[in-house]
Amino acid sequence: MPPLPKAELHLHIEGTLEPELAFDLAARNGVALPYTGTEDLRKAYLFTDLQSFFDLYYELMAVLRTAEDFTELADAYLARAAAQGVRHAEIFFDPQAHTARGVPIGTVVEGLAHALDRADERHGVSTQLIMCFLRDRSADSAMATLDAAKPYLHHISGVGLDSAEAGNPPAKFREVYAAAESLGLRKVAHAGAEGPPAYIREALDILGVERVDHGLRAMEDPELVQRLVRERVPLTVCPLSNVRLRAVDTLEDHPLRAMMDAGLLVTVNSDDPAYFGGYVGDTFHAVREALGLDREQMRQLARNSFEASFLDHDEPRRRRYLDAVDTYEFGGS
Ligand code: HPA
Ligand code: ZN
């Protein structure tokens, strides 16, 4: 039985760095990692909070140095994603995390683009690239990053906002998002994972985002939920990430089903699959089990993923993907 076709819309490419590849790249690039091996490294994956995740996430990135490293990273993700039914992926990357280490933005973008440009042919996956700004850095740094990305915008569909949310409201990036819009870029932002519902409103009203990444805490604000339903704003939810980063206690407590029942356009995604215990197909299975979702709810999630994607309404592949979801036959399990 082939897996349910789906799009992945919330995926940090740096978060797909598996311990094995990290050690391979460390050896190739002469980078010392403070772990004795992959087993030892895996023990560091038991996070207590967002900061302990970021500490490891940024530490391991040190192994990514050349364009080939980024190509290998992206190609490994695309192969795994394709095997789990992903037909379309909109992929985040964090240029500031690399430029801060002396890796030029062109190396990052061209390395990733080399894998993405071949993804359709090699893996049957269509792709787009979304450049994220680190919200715990300054708005000036984000603006400088947008400026540095200008020669590479033909590879980039949109901008996003990630890293430590609390205390770094969307409004801080008002000018950067206005500049991104004037360059023809699409706009999304992480909001409402750790931050309050007000951050979701700001992302919509001040940044003009067309999709909210996470958006979990909208559920604390019924009026906001009504608005998100009315305006059909997609929310890219990452249930395994929410458990591992302690936004919810257990998967059984996750509000995904309540969000669907409220009529929200929710999608299910993996966020940082190497760190949070599963790729997007694994995540679909996990929520199905934990929340007792039925087949038609799983189909709805898959449908939502293509509906919420940046694929144009008149793109034939959008119709093809949706047809593949509609005609998908679930196996016996
Ligand atoms: N949250 C916020 N920023 C991020 C994450 C995350 O889970 N992963 C990569 N950047
Ligand atoms: Zn994320």
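Predicted model: local features only at pLDDT ≥ 70, side-chain atom pairs only at ≥ 80, totals over all residues.
Residues are numbered from 1 along each chain as its sequence is written, chains are lettered from A and ligands numbered from 1 in the order in which they are written, and side-chain values use heavy atoms, with hydrogens and water left out.

Let's begin with the metal. Which residues coordinate the zinc ion, ligand 2? They are His10, His12 and His190, each through NE2, and Asp271 through OD, at 2.0 to 2.2 Å. Donors here are N, O and S atoms within 2.8 Å of the metal (3.2 Å for Na, K and Ca), and water is not among the atoms, so sites may look incomplete. In sequence, the donor residues follow the spacing H-x1-H-x177-H-x80-D. The arrangement is irregular because the four donor atoms subtend angles of 83 to 174 degrees. Histidine 10 and histidine 12 are both buried, and buried means under 20% relative accessible area, with exposed over 50% and partly exposed in between (1.4 Å probe, protein chains only).

Now for ligand 1. Around this ligand (heavy atoms within 4 Å) we find, among others, His12, His190 and Asp271. A polar side-chain atom of aspartate 271 lies 3.0 Å from an oxygen atom of ligand 1, and one of aspartate 272 lies 2.7 Å from a nitrogen atom of the ligand. The protein covers 98% of the 260 Å² of accessible area that ligand 1 has on its own, using the Shrake-Rupley method with a 1.4 Å probe.

Finally, have a look at the loop between strand E1 (6-12) and helix H1 (19-29), where threonine 16 is found. Helices (H or I, at least four residues) and strands (E, at least two) are DSSP runs, numbered from the N terminus. Is threonine 16 buried or exposed? Threonine 16 counts as buried because its relative accessibility is 5%. A polar atom of its side chain lies 2.7 Å from the backbone oxygen of isoleucine 13.

Glutamate 18 is found in the loop between E1 and H1 too, and is buried, with a relative accessible area of 10%. Leaving out residues up to four places away in sequence, glutamate 18 touches Arg42, Arg80, Ala274 and Tyr279, where contact means heavy atoms within 4.5 Å.

Note on methods:
Polar contact = N/O pair within 3.5 Å; in protein donor to acceptor, adjacent residues only side chain to side chain. Tetrahedral: all angles 85-135°; square planar, octahedral: opposite > 155°, others 65-115°.
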